[in-house]
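Hello,

Here is the structure I promised to pass on to you. Have a look at it first, and then read my notes below.

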Amino acid sequence: MTDTGMTDSEALEKNLILRTLGGRDDRAYGQLVIMHQSRVRALLRRLCGNVDSADDLAQEVFVIAHQKLPSYKGQGRFGAWLCSIAYRQFLQSYRQQRRERDVQLDYQAWQAATLATTAPDDNAGQIDLERALLNLPSVESAAITLNMTLGYSHQEVAAVMQLPLGTVKSHIRRGLEKLKQQLSSPTEQGPATVHREQSA
């Protein structure tokens, strides 16, 4: 913890942002990418259901973030700001001019194809959870992934998805209820555990 109340990681992150803005320091920005790429890729891989497509999108996200970095005002976590760009890129790339229902069907098909090629020795509980998540609408899956998997608060998820806070909470609540129903099947012995929802 630094004298300003920030953690060492937050202080480093702030310093790297200032260095990037001050002199367009590409090495400093490269360090920011390293710090946050795993979360951005985790979100995009969950949404896309395809590793190659997700990684291509992730590269676009960091290029766009570099261009838009002057617009980041330090309000909220930098990682959440990056995820908001990632989520918008996902929507632009896969919705295009199609209706929301069509996007959700495509998303489920990508997720199903990913699960079909999963190695047999992968963790069974995680596979069951992923299989249950693919049955959710993409908006519920995205909200749960951001909140439960990546650890962002409800308020941060609302900012990332550009939705009202109450709407985000409703998506998470409905999604968790659906997951509970799917994972509590008599043929399944609770293979996956969903962590408790974070408060806003």
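Let's start with a charged pair: Asp-55 and Arg-45 join their side chains in a salt bridge, 3.0 Å from N to O (a side-chain nitrogen of Lys or Arg within 4 Å of a carboxyl oxygen of Asp or Glu). This pair links distant parts of the chain, with Asp-55 in helix 3 and Arg-45 in helix 2, ten residues apart. Helices here are DSSP runs of H or I with at least four residues, numbered from the N terminus.

Before you go on, please note that this is a predicted model, where local features need pLDDT of at least 70, side-chain atom pairs count only at pLDDT 80 or more, and totals for chains, interfaces and linings use all residues. Residues are numbered from 1 along each chain as its sequence is written, and side-chain values use heavy atoms, leaving out hydrogens and water.

Asp-55 has another partner: Arg-41 forms a salt bridge with Asp-55, and their closest N and O atoms are 3.1 Å apart.

Elsewhere, Lys-178 and Glu-140 meet in a salt bridge of 3.2 Å, N to O. Lys-178 is in helix 9 and Glu-140 in helix 7 (residues 138–149), so the pair ties together parts 38 residues apart in sequence.

Best wishes

Conventions: Helices (H or I, at least four residues) and strands (E, at least two) are DSSP runs, numbered from the N terminus.
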